[in-house]
Amino acid sequence: GATIPIAADEAQPQRQQPHKLDECRRCDLWQHATQAVPGEGAKHARIMLVGEQPGDQEDLQGHPFVGPAGTLLDKALEQAGVDRAKVYVTNAVKHFKWEPRGKRRLHKTPAQKEVAACHYWLEAELAKVQPDVVVALGSTALKSVLEDGRARLKDFMEAPVRHGNVLVVATYHPAFILRVPEQEAREQAMEALVHALRTAHELTL
Ligand code: URA
């Protein structure tokens, strides 16, 4: 996958940081992951979508949002009239955190210290892509994007907020929408996601 070159971390010579995302040891999640999953998409996309972390499929394939949540995201992008090839898609955390459940690997929400450790890489992606709008998909993404571990999704769903050089649009995570048990509520959550993507697109016009 694509890597983002960085300077060696001179402040911590005893724990030298690697130049490559896949060699990252800033937290311990690499130990049980297949590989790091970098963001991908248009080089200078106006819109950056940020998810939580790779899921089972993303971990195996090395690409963001290629599993069930990705299928739902693709549907939402299509309904919003946004071309996935024109946006940049990434995650707040680049390694898959999971726990065994029978033969399956069950997603585990990353700890705040893991989100904070991985913010380094999101920062590098933001500096490189320089989007105008960042869509935070779910609470973990929002916390990382706003650099505020106490940020609540519901407080930011109403309207975009400015953070540094970007406008932040907050909405539900696609995997959350998949798990809403009641159909009507699920459709409403999907509409909120589509609306957020449309808002992001309009902010770039
Ligand atoms: N969920 C995420 O947050 N990111 C992915 O890449 C896949 C599922």
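Trainee: Which residues does UniProt assign to the feature "domain: Uracil-DNA glycosylase-like"?

Mentor: The unreviewed UniProt entry places that feature at residues 38-198, where UniProt positions follow the numbering used here, feature names are shortened, and annotations may be inferred rather than shown by experiment. Residues are numbered from 1 along each chain as its sequence is written. This is a predicted model, in which local features need pLDDT of at least 70 and side-chain atom pairs count only at pLDDT 80 or more, while totals for chains, interfaces and linings use all residues. Over residues 38-198 the chain is 42% helix and 20% strand, with 25 Å between the end C-alpha atoms; helices (H or I, at least four residues) and strands (E, at least two) are DSSP runs, numbered from the N terminus.

Trainee: How should I read a sheet, and what is the order of the six strands in the open sheet here?

Mentor: Strands of a sheet pair through backbone hydrogen bonds, either parallel or antiparallel. Two strands are taken to pair if DSSP finds at least two bridges between them. In this model the order is β1-β3-β2-β6-β8-β7, with mixed pairing. Because β1 (40-41) and β7 (161-163) stand at the edges with a single partner strand each, one side of each is left without a neighbour in the sheet. β1 runs antiparallel to β3, joined by two bridges, and E40 has V89 of β3 as its bridge partner.

Trainee: Which strands pair with β2, and in what sense?

Mentor: β2 is joined to β6 in parallel by four bridges, with L49 partnered by V135 of β6. β2 also pairs with β3 in the parallel sense over four bridges, where G51 stands opposite N91.

Trainee: How many residues of β2 are buried?

Mentor: A residue is called buried if 20 or more other C-beta atoms lie within 10 Å of its own, exposed if 12 or fewer, and partly exposed in between, with C-beta atoms placed from the backbone. Five of the five residues of β2 are buried, so this strand is largely enclosed by the rest of the structure. Both faces are covered, with I47, L49 and G51 buried on one side and M48 and V50 buried on the other.

Trainee: What about helix α3: how many residues has it, and where is its kink centred?

Mentor: An α-helix has 3.6 residues a turn, so residues three or four places apart point the same way. Helix α3 (residues 112-129) has 18 residues and reaches 25 Å from its first C-alpha to its last, close to the 26 Å expected at 1.5 Å a residue, the expected span being 1.5 Å times one less than the number of residues. A kink of about 35° is centred on H119, where the bend is the angle between axes fitted to the seven residues ending at a residue and the seven starting there. Among the buried residues of α3 are V115, C118, L122 and L126. Their cover includes β2 (47-51), β3 (88-91) and α4 (139-146), as judged by contacts, meaning C-beta atoms, placed from the backbone, within 7 Å. Just after α3, Q130 takes a positive phi of about 50°.

Notes
Contact = placed C-beta atoms within 7 Å.
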